[in-house]
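User: I'd like to go through this structure with you and learn how to read its features. Could you give me the general idea each time, then the case at hand?

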Amino acid sequence: MVGDGARWGARIVARRSAGIQRVEDLAGKSIGTPLGTSAAYFAADALAQHSVAANLVQVSPSATVTAATQRNVDAVSIFQPYQAQVVQALGADAVELTGGSYSQHSLFLATQAAIAAKSSAITSFFAALDDAGAELEQLSDTTVVAVATATQLDPALLRDVLSQFDFTPQLTPELAGKLTELGTWAGTQGSIAAGTRLPDYAGLLDDQFLPRAQ
């Protein structure tokens, strides 16, 4: 891993009309999420942190808006931009709940061959990524429209989504522990083969190409 390009603090979006105002109110409720993904891990982690038992129900990302608005589930745990779409669709009935210790990361990987032969190009890439991140954090109309054109998302919705991210390139030692936790959880969910040996993530972090000192 040569960089962590962005971080986003996940949330569970619940319906006020389901009697939910805080994480504890999720007890016994149904939470729609794509099982086995980081969104499901966040929900499970948040529930565990609050000692709450709820039911995680399989819902694909593209179906989360329908599941929430049709009241098929009481809440959803999903990554962006689907989360913002759910919040927009529910309107005043939406309540966003934080909890747990997981944040979504955007990781960049490189092979040892690429690191050896293309170090200059990788360094230039992260310099450009840093500049782009600074532009994104400014949320200028030009930047938002450019991203909206590339993603085919509504500019107003996209502005809200972008404001929730930290786009500073980094690679902190704490990431290794979180990846181990996530990998261990994925094994319990059948997302990776039973008995798979997780790598030593700490030994795979290489921050030499980042534009800022770590």
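Analyst: Let's start with contacts: a contact means heavy atoms within 4.5 Å. Ala186 touches Ser191 and Ile192, not counting residues up to four places away in sequence. A word on the source: this is a predicted model, where local features need pLDDT of at least 70 and side-chain atom pairs count only at pLDDT 80 or more, while totals for chains, interfaces and linings use all residues. Residues are numbered from 1 along each chain as its sequence is written, and side-chain values use heavy atoms, with hydrogens and water left out.

User: Where does Ala186 lie, and is Ala186 buried or exposed?

Analyst: Ala186 lies in helix α8 (residues 174-188); helices (H or I, at least four residues) and strands (E, at least two) are DSSP runs, numbered from the N terminus. For burial, the cut-offs are under 20% relative accessible area for buried, over 50% for exposed, and partly exposed in between (1.4 Å probe, protein chains only). Ala186 has 12% relative accessibility, so it counts as buried. Ser38 is 148 residues from Ala186 in sequence, yet their C-alpha atoms are 9.0 Å apart in space.

User: How many cavities of 30 Å³ or more does a search of the whole structure find?

Analyst: The general idea first: rolling a probe the size of a water molecule over the atoms shows where empty space is left. On a 1 Å grid over the protein atoms alone, a cavity is a set of points where a 1.4 Å probe fits but cannot get out, and lining residues have an atom within 4 Å of a point. Points are joined across faces, edges and corners, and the volume is the space filled by probe spheres set on them. Here the search finds 1 cavity of 30 Å³ or more, and the largest cavity has a volume of about 60 Å³. Its lining includes Trp8, Ser38, Phe79 and Tyr102. Helix α1 (residues 38-49) gives the most to that lining, with 3 residues.

User: How many aromatic pairs are there?

Analyst: Rings of Phe, Tyr and Trp (its six-membered ring) pair if their centres lie within 6.5 Å; planes under 30 degrees apart count as stacked, over 60 as edge-to-face and the rest as tilted. The whole structure has 8 aromatic pairs. In one of them, Phe79 and Tyr82 have ring centres 6.1 Å apart and planes at 70 degrees, so they are edge-to-face. Phe165 and Phe167 are stacked, at 5.6 Å centre to centre with 20 degrees between the planes.

User: What is the strand order in the open sheet of 3 strands?

Analyst: Strands of a sheet pair through backbone hydrogen bonds, either parallel or antiparallel. Two strands pair if DSSP finds at least two bridges between them. The order here is β7-β1-β8, with antiparallel pairing. The edge strands, β7 (103-108) and β8 (165-166), each pair on one side only. Strand β1 (residues 3-9) is joined to β7 by 5 bridges, and Arg7 has His105 in β7 as its bridge partner.

Key:
On a 1 Å grid over the protein atoms alone, a cavity is a set of points where a 1.4 Å probe fits but cannot get out, and a pocket is an open set with protein on both sides within 12 Å along at least five of seven lines; lining residues have an atom within 4 Å of a point.
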